[in-house]
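Subject: Structure handover

Dear colleague,

Here is the structure for your files. My notes on it follow below.

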Amino acid sequence: MKYCIANWKMNMDSKSTFIYLDNIGKLVYKNKETFDKASMIICPPYTTLDLMSNILTEASKGILDDVDLAYVVGLQLGAQNVNPNNYGAYTGEISIKMLNQYGTEWVIVGHSERRSLFNESDEFVNLKVQAALDGAINPILCIGETLEERDAGRTEEVLFMQLKKCLKDVCVKKDFLIAYEPVWAIGTGKTADCRTIELVNDMILNILKELKCDIQNPKILYGGSVNNNNAENLSKICNLDGFLIGGASLDAEQFYSIYNALKGE
Ligand code: PGA
């Protein structure tokens, strides 16, 4: 199973979410699509989880009036962040239990924007991974080096430390998603080349072995300026299991065409 994940970041209101899903539904219908070969996951802002969850639930029950929207059935819902505590005085935060209310199946943790803008440490990311797994939500763990670290030849060391700390005491018996997102490729239009991604993906799998991680089925995704011009080429990377897409996922047609490029491999 491959994974095509949209990270909408702080974009999209209710109206644009509705139109977006309607457009995805139209494309799915036109192409007689099913989501069984590759998962399509959308991580909207918290404010539209409720709307998306209602649409997805009604689509699965077959009770939607809107014909196009009905075809989004099978699409999965993710969140962009979570707090590892169950409840309490954490102003502005959202817990796993709250995400559970909306049928959220996935949550992004360790994104470089959370690390750099909100000072989140690997130790905190580890708490999120554990809380997500305890609450039956699948984490999408993001790791990646900065340009400085890459230029200094420290990529492996950085990824090793991130994985070591973020995956401490983690045990997973199913697919576990790790998104390799080089910080210098996020939102910059500079994509890592296929060879670099292939090498890093192998590096990640080796690190997991070295750390004796109890993860049965690691899946390695790539994120960083993926778009509909480079997706086909990137999807040929032999050890790649999917994409995490920011900017290009805001357009339904573009996201759908990236999904198809991935699925075609
Ligand atoms: P981008 O973002 O596709 O806009 O580079 C990727 C991400 O931040 O996950």
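The largest pocket has a volume of about 420 Å³. The model is a predicted one, in which local features need pLDDT of at least 70 and side-chain atom pairs count only at pLDDT 80 or more, while totals for chains, interfaces and linings use all residues. Residues are numbered from 1 along each chain as its sequence is written, and side-chain values use heavy atoms, with hydrogens and water left out.

Pockets

A pocket here is an open set of points on a 1 Å grid over the protein atoms alone, where a 1.4 Å probe fits and protein lies on both sides within 12 Å along at least five of seven lines; lining residues have an atom within 4 Å of a point. Points are joined across faces, edges and corners, and the volume is the space filled by probe spheres set on them.

The lining of the largest pocket consists of 16 residues, and K9, M10, Q80, R114 and F118 lie nearest its centre. Helix α4 (residues 112-117) gives the most to this lining, namely three residues. Helices are DSSP runs of H or I with at least four residues and strands are runs of E with at least two, numbered from the N terminus. By class, the lining of the largest pocket has seven nonpolar, six polar and three charged residues. In this scheme Ala, Val, Leu, Ile, Met, Phe, Trp, Tyr, Cys and Pro are nonpolar, Asp, Glu, Lys and Arg are charged, and the others, Gly among them, are polar.

The second largest pocket has a volume of about 250 Å³. It is lined by 16 residues, and R115, G144, E149, V158 and Q162 are the closest to its centre.

Ligand

There are 13 residues around the ligand, and K9, H111, E181, G187 and S225 come nearest; a residue counts as near if one of its heavy atoms lies within 4 Å of the molecule. A polar side-chain atom of K9 is 2.6 Å from an oxygen atom of the ligand. Polar backbone atoms also lie by ligand oxygen atoms: one of S225 at 2.8 Å, and one of G246 at 2.8 Å.

Helix α5

D122 and V125 both belong to helix α5 (residues 122-134). D122 is buried because its relative accessible area is 13%, and V125 is buried because its relative accessibility is 0%. The terms are set as follows: buried is under 20% relative accessible area, exposed is over 50%, and partly exposed is in between (1.4 Å probe, protein chains only).

Beyond its neighbours within four places in sequence, D122 is in contact (heavy atoms within 4.5 Å) with R115, M161, Q162, K165 and C166. V125 and N81 are 44 residues apart along the chain, and their C-alpha atoms are separated by 10 Å.

D22 lies in helix α1 (residues 14-30) and counts as buried because its relative accessibility is 11%. Its side chain makes a polar contact of 2.9 Å with the side chain of K26. A polar contact is a pair of N or O atoms within 3.5 Å; within protein, one must be able to donate a hydrogen and the other to accept it, and residues adjacent in sequence count only if both atoms are side-chain atoms. Apart from residues up to four places away in sequence, D22 touches D66, D68 and L69.

S39 is in strand β2 (residues 38-43), and it counts as buried because its relative accessibility is 4%. A polar contact of 3.4 Å links the side chains of S39 and Q76. Q76 is also among the residues that S39 touches when those up to four places away in sequence are left out; the others are M1, K2, Y3, C4 and Y259.

Positive phi

Which residues other than glycine have a positive phi? M12 has phi near 80°, and K212 has phi near 55°. M12 sits in the loop between β1 (2-7) and α1, K212 in the loop between α8 (194-210) and β7 (214-223). K212 counts as exposed because its relative accessibility is 71%.

Regards
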